[in-house]
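Dear colleague,

I am handing over the structure shown below, together with an account of what was found in it. Please read the text alongside the sequence and the three-dimensional view.

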Amino acid sequence: IASTSQLLDCQLSSLERNRVHLFQQCHSTFSTTISPESVKLIVYNLGYLPGGNKEWTTQVSTTLESLKNGLVLLK
């Protein structure tokens, strides 16, 4: 989260950066503060976290749950 936030701070204007929200949680759940049909884009990094523990990977079951839950958020 910290490295992504720093990268966004360097690459985006302040207006663009204010439109990006990062959440540290399982991708199968979405914050309850996100309103339905309020999201234009959901980005996934499926597989390994770059530079992270190779034993931690995404799972089919949680990815499918995330896709299902994310559909109601998309405009």
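Which side chain does arginine 17 meet in a salt bridge? The partner is aspartate 9, with 2.9 Å from N to O. A salt bridge here is a side-chain nitrogen of Lys or Arg within 4 Å of a carboxyl oxygen of Asp or Glu.

Before the remaining findings, a note on the basis of the values. This is a predicted model, in which local features need pLDDT of at least 70 and side-chain atom pairs count only at pLDDT 80 or more, while totals for chains, interfaces and linings use all residues. Residues are numbered from 1 along each chain as its sequence is written, and side-chain values use heavy atoms, with hydrogens and water left out.

Overall architecture

The chain has 3 helices and 0 strands, running α-α-α from the N terminus on. Helices (H or I, at least four residues) and strands (E, at least two) are DSSP runs, numbered from the N terminus. The C-alpha trace spans about 35 × 35 × 15 Å along its principal axes. Of the 75 residues in the chain, 15% are buried. Buried means under 20% relative accessible area, exposed over 50%, and partly exposed in between, with a 1.4 Å probe and protein chains only.

Salt bridges

The count comes to 2 salt bridges. Side chains of opposite charge can pair when their charged atoms come close. In the pair already named, arginine 17 is buried, at 16% relative accessible area, whereas aspartate 9 is partly exposed at 46%. Glutamate 65 forms a salt bridge with lysine 68, with the closest N and O atoms 3.6 Å apart. These two residues are 3 residues apart in helix α3 (residues 60-71), so about one helical turn separates them. Glutamate 65 is partly exposed at 33% relative accessibility, and lysine 68 is exposed at 51%.

The largest pocket

The largest pocket holds about 1800 Å³ of space. Of the 41 residues that line this pocket, the closest to its centre are His21, Leu22, Phe23, Val43 and Tyr44. On a 1 Å grid over the protein atoms alone, a pocket is an open set of points where a 1.4 Å probe fits, with protein on both sides within 12 Å along at least five of seven lines; lining residues have an atom within 4 Å of a point. Grid points are joined across faces, edges and corners, and the volume is the space filled by probe spheres set on the points.

Helices α1 (2-11) and α3 each supply at least two residues of the lining. By type, the lining divides into 17 nonpolar, 20 polar and 4 charged residues. Ala, Val, Leu, Ile, Met, Phe, Trp, Tyr, Cys and Pro count as nonpolar, Asp, Glu, Lys and Arg as charged, and the others, Gly among them, as polar.

Tyrosine 44 is placed in the loop between α2 (14-17) and α3 and is partly exposed at 27% relative accessibility. Its C-alpha atom is separated by 19 Å from that of leucine 12, 32 residues apart along the chain.

The end of the chain

Lysine 75 lies in the segment after α3 and is exposed, with a relative accessible area of 66%.

With kind regards
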